[in-house]
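Some notes on the model follow, point by point. Please read them with the structure open.

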Amino acid sequence: MRARDAELIVTDDEESAAKQVAELLAEAARAGSEIALTGGSTPGRAYELAADLEPDWSGAGVWWGDERCVPPEDERSNFGLARRTLLNRLEAHPGRVHRIRGEDEPAAAAASYDQELRGTTLDLLLLGLGPDGHVASLFPNSPGLTETERLAIPAEAKLDPFVERVTLTPPALRSARRIVFLVTGEQKAEAVAGVLAGPPDPAVPGSLIRAESGETLAILDQKAASRLRD
Ligand code: 6PG
């Protein structure tokens, strides 16, 4: 199987994909890296396994690639997902936790996150992938895809949950030293093919996101990789 400007790891099943990502997260935490987490339903298992592999994240910094504009206690919060599946399972919390303030007005939360991130290079950026090819909260043909200056912006959700978002922008995502896509399930197979094997296309936002001077890795289960041809 081939991918454009990205390395592929295809695993038998979802649990194996989670284990692969957990190992990368644990290694990054041990190294005191700046790690950006993703939200959604896919990464939770990887976070649980990462906490089991490495319970001491005291040297690491944790960021988010995007956030839903809801309070951290809301079940839709990406911070809340990480708190439940990763942070609360650690023996030593990350030394630096950079939460996107979902409870604030989106533009204000985005502006302050932009300032907080500016000057930092992400060592590991974890991204999921929507069935429409969105990454973080950069949705198909959305204005944020052409952003060149800001690192974080407010965004309108085009898929459930339909709450306003704050998302890192393509320049912020591309500056990561290592981008890791974690994608599983048959329902993502078409998006995976567009993102990894298709041309850069704003209709498929993930196709626009590769590490500018670092490495891009896609960890997929067989089902998500099923539309990738040799
Ligand atoms: C979010 C995520 C988003 C997610 C994809 C895939 O805030 O929802 O950052 O980009 O990674 O929507 O979500 P699933 O893992 O639920 O399929």
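1. Which residues are closest to the ligand, and how many surround it? The ligand is surrounded by 15 residues, the closest being Thr42, Asp66, His134, Ala136 and Lys188; a residue counts as near if one of its heavy atoms lies within 4 Å of the molecule.

2. On the basis of these notes: this is a predicted model, in which local features need pLDDT of at least 70 and side-chain atom pairs count only at pLDDT 80 or more, while totals for chains, interfaces and linings use all residues. Residues are numbered from 1 along each chain as its sequence is written, and side-chain values use heavy atoms, with hydrogens and water left out.

3. Serine 41 places a backbone N or O atom 2.7 Å from an oxygen atom of the ligand. The side chain of arginine 68 has an N or O atom at 2.8 Å from a ligand oxygen, and for the side chain of lysine 188 the distance is 2.6 Å. Of the 420 Å² of accessible area that the ligand has on its own, the protein covers 88% (Shrake-Rupley method, 1.4 Å probe).

4. The protein chain has six helices and 10 strands (DSSP runs: H or I of at least four residues for helices, E of at least two for strands, numbered from the N terminus). Its radius of gyration is 16 Å, close to the 17 Å that the globule rule gives for 230 residues, so the chain is as compact as a globular protein of that length (taken over C-alpha atoms; the rule is 2.2 Å times the number of residues to the power 0.38).

5. Seven strands make an open parallel sheet, ordered β1-β10-β9-β6-β2-β3-β5; strands pair if DSSP finds at least two bridges between them. β1 (7-11) and β5 (96-97) are the edge strands, each pairing on one side only. β3 (residues 61-64) is joined to β5 by two bridges, and valine 62 has valine 97 of β5 as its bridge partner.

6. A further open sheet has three antiparallel strands in the order β4-β8-β7. β4 (66-68) and β7 (152-155) each have a single partner strand, so one side of each is left without a neighbour in the sheet. Three bridges link β4 to β8 (residues 165-168), where glutamate 67 stands opposite valine 166.

Terms used:
Polar contact = N/O pair within 3.5 Å; in protein donor to acceptor, adjacent residues only side chain to side chain.
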